[in-house]
Amino acid sequence: MTSVATQLNLLPARPSGTAVTLEGGSCNSSLTQDPWEFPTPLVDGYGPGASQNDVAPAGSPAQPTIPQRYRDASPEELDAMIVAAKEALGERAVVMGHFYQRDEVVKHADFIGDSFQLAQQAKAHPEAEAIVFCGVHFMAETADILSRNNQSVILPNPAAGCSMADMADEASVADCWADLMDVLGPHAVDEDGQAVTDENGQPLASVIPVTYMNSSAALKAFCGRNGGIVCTSSNAQTVLEWAFKRGQRVLFFPDQHLGRNTAKAMGVPLEQMPIWNPRKELGGNTAQNLRNSRVILWHGFCSVHKRFTVGQIDQARADYPGCTVIVHPESPMEVVDAADSSGSTDHIRKAVQAAEPGQTFAIGTEINMVNRLAAEHPDHTIFCLDPVICPCSTMYRIHPGYLAWVLEELVAGRVINQVSVSDSVAQEASVALERMLAAVPKK
């Protein structure tokens, strides 16, 4: 079977640098340029790609000035630099790569995985002096929290952020929490105003905060000190089950789609899942709506997964009758409902691996992973649902030049582009993260 995965250099024909606007967002073909070609800081947004229309918060890290030798090096020269530096460092450094990283970076990773798997790996390698995290900022923060104090966590390009993570800031979540405490009080009550207790007779909380891994260390710390937990797309259902044993309802942030899709699959009615818009009084809700809620969803989303539509699924099935459609649960509810299955990046990978040869898959997730699956499984036909390739522009900032730079600096005894979380934040965040790691998803 042939692969129909679309490569980044096969964007629809447009003049270079021209945005292609479709339902769900827009992307820009100049993303294929080297990241240091873009102005820094990116004052108008995150730059070309699926998140280009999202506003980057003030104070977002700027791309560091990379030495000219890395800008001028050919791909082959950068590969040689990276390989030589890794050989020189040996076990002193471990390179981790997220599934969404570009191939020319992820091929150098010692471990590849989703955010849950890489969080586990961050704890599993105390022998390494440095963890070089080829992902985005919140992932590197998590690695710093979970790793040992004598280990350095390095993000090759500190400007590799996440627009979804930036949609929930600590001040806005704290304001939301204060409003919820005013309306709901700290403890759960029934319709008659009587206290609700767990099976051991202990009072249930009125609300448990749950933050998606795609959030800042400060928000993970918020959950840690307020009886909450972190989740990933791999263990979201297990985490919600954990939360419902301890509280009457959940405040889920920052991704509304993962929260809604997970809770809906667990039987929570849509009318019990109000949206919290931080720009509106009470999040745009009435006090009674909040009292009737089971899951309060923050108004956030992933710019890449928001692009997938039911129309794309219909077109895929028209073009490839009998194809299997798998989407990430950060996609809108109607897309998840129309797909054959949904799940984390690891779920998608395992579904393709387990299939009999000759299957056709239409996949709704970030294009680098889709292309990699197509290359690894030439016996299948694998393609991305979105006909216009629109990668995560922030993930794309991890360029081989940046990886070569930080590794060669380590060889020279210098740590650059280090991500450090303060001890006070790390201590509280680690509580929520350890709860997450203990919430192993059911097989």
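**Briefing: charges, fold and cysteines of a predicted chain**

The chain carries 31 positive and 51 negative side chains, and the centres of the two sets are 2 Å apart. Residues are numbered from 1 along each chain as its sequence is written, and side-chain values use heavy atoms, without hydrogens and water.

**Fold and dimensions**
- The chain has 16 helices and 15 strands (DSSP runs of H or I with at least four residues, and of E with at least two).
- Its radius of gyration over C-alpha atoms is 22 Å, close to the 22 Å of the globule rule for 443 residues, so the chain is as compact as a globular protein of that length. The rule is 2.2 Å times the number of residues to the power 0.38.
- The C-alpha atoms fill a box of roughly 70 × 55 × 40 Å along the principal axes.

**Burial**
- Of the 443 residues, 57% are buried (under 20% relative accessible area, 1.4 Å probe, protein chains only).

- For Cys 134, the nearest cysteine sulfur is that of Cys 392, 14 Å away; Cys 134 is buried at 0% relative accessible area.
- For Cys 162, the nearest cysteine sulfur is that of Cys 392, 6.6 Å away; Cys 162 is buried at 13%.

Terms used: Predicted model: local features only at pLDDT ≥ 70, side-chain atom pairs only at ≥ 80, totals over all residues. Buried < 20%, exposed > 50% of the residue type's maximum accessible area, 1.4 Å probe, protein only. Lys, Arg positive; Asp, Glu negative; His and termini not counted. Charge placed at Lys NZ, Arg CZ, Asp CG, Glu CD. Disulfide = S-S within 2.5 Å.
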